[in-house]
Amino acid sequence: MIEVKNLVKLYKNVTAIQNISINFEPCKVTCILGPNGSGKTTLIKSICGLLDIDEGSIYISGLQMNEKNRSKIMSKIGCVFDGQRNLYWRVTVLDNFYYFGTLKGVNMHTLKNRIDDLINKFEIKSLLNRKVGTLSLGERQKVSLITAILHRPEVLILDEPTNGLDIVSKKQLVDLINMLKTTESVTIIITSHESQFMTRVSDNYIFLKNGIIQSIISEKKLTQESLEKQYIEIYAKEGG
Ligand SMILES: Nc1ncnc2c1ncn2[C@@H]1O[C@H](COP(=O)(O)OP(=O)(O)OP(=O)(O)O)[C@@H](O)[C@H]1O
């Protein structure tokens, strides 16, 4: 479903990703962990086609990420990046939903039902007629997430999705991720620094450092304590 082969990404003289190869398990949640600057965001931006890569190849549902396939692949992916600008701030939440939903090719009838369903799941009825620019960080985060899944993507990529979310909203996010995985068979990749959140959603963990995979753990029932222990062991090995 998502295959990364020998990926290298440089920013001028910084090697952010050094020859990474991974197959992401379909219909599962994979969390990418690692210290600041370890290459998490660069990896997922490369998978989303938002960065030009220097070497290697990325395949989504068998299609190689390149100029020719980009728009086809984009219709299969939903992404939400931290501090992203994927919403129009001067128009309302509802107008954003309709604009981006139609842009992704969803027909009006299906889009209306999908929006109604997600409004109920996320309890955001009171935000619909607000301009995005007036929303709080957490409210915007929810709206971004809903916008990203309007077209029922096969793949969902979330960059530090708990940022700015209160306790109830985090719980809703956990429920939504689990629902997308189980009932909509979405393959989900998440970067996060929050161990408790990750253990509530993740099936697999990829530990990065200096753009290299340090370890992969595929264990559905990792407790927060054991995840933190693994993290400390992995990064303590070479002094953090
Ligand atoms: N636009 C850029 N120009 C130059 N260097 C960059 C750029 N973006 C990222 N980098 C560098 O690439 C490396 C990986 O950065 P990246 O943002 O992928 O890390 P990260 O693991 O997501 O970090 P964090 O946990 O802090 O979000 C870092 O050394 C970073 O300084």
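Two strands count as paired when DSSP finds at least two bridges between them. With that in hand, welcome to a short tour of this predicted model. We start with the pairings of strand β9 (residues 204-209), then turn to helix α6 (residues 167-184).

**Strand β9 and its partners**

- On one side of the story, β9 pairs with β3 in the parallel sense, over 4 bridges.
- Within this pairing, Tyr205 of β9 is the bridge partner of Cys31.
- β9 also pairs with strand β10 (residues 212-218), here in the antiparallel sense and over 6 bridges.
- If you look for Leu208, you will find it opposite Ile213 of β10.
- β9 and β10 make a hairpin with 2 residues between them, and Asn210 in the turn has a positive phi of about 50°.

**Helix α6 and its two faces**

- α6 has 18 residues and spans 25 Å from its first C-alpha to its last, close to the 26 Å expected at 1.5 Å a residue.
- Its buried residues are Leu173, Leu176, Ile177 and Leu180.
- Viewed down the axis of α6, the buried residues fall within an arc of 100°, so they line one face of the helix.
- An α-helix has 3.6 residues a turn, so residues three or four places apart point the same way.
- The face turned away from the buried side of α6 carries the exposed residues Ile167, Val168, Met179, Thr182 and Thr183.

**What surrounds α6**

- The buried residues of α6 pack against several elements, including β3 (29-33), α4 (108-122), α5 (137-149) and β8 (187-191).
- After α6 comes Ser185, with a positive phi near 50°.

Methods: Residues numbered from 1 in each chain as written. Predicted model: local features only at pLDDT ≥ 70, side-chain atom pairs only at ≥ 80, totals over all residues. Expected span 1.5 Å × (residues − 1). Buried ≥ 20, exposed ≤ 12 C-beta atoms within 10 Å, placed from the backbone. Arc of directions from axis to C-beta. Contact = placed C-beta atoms within 7 Å.
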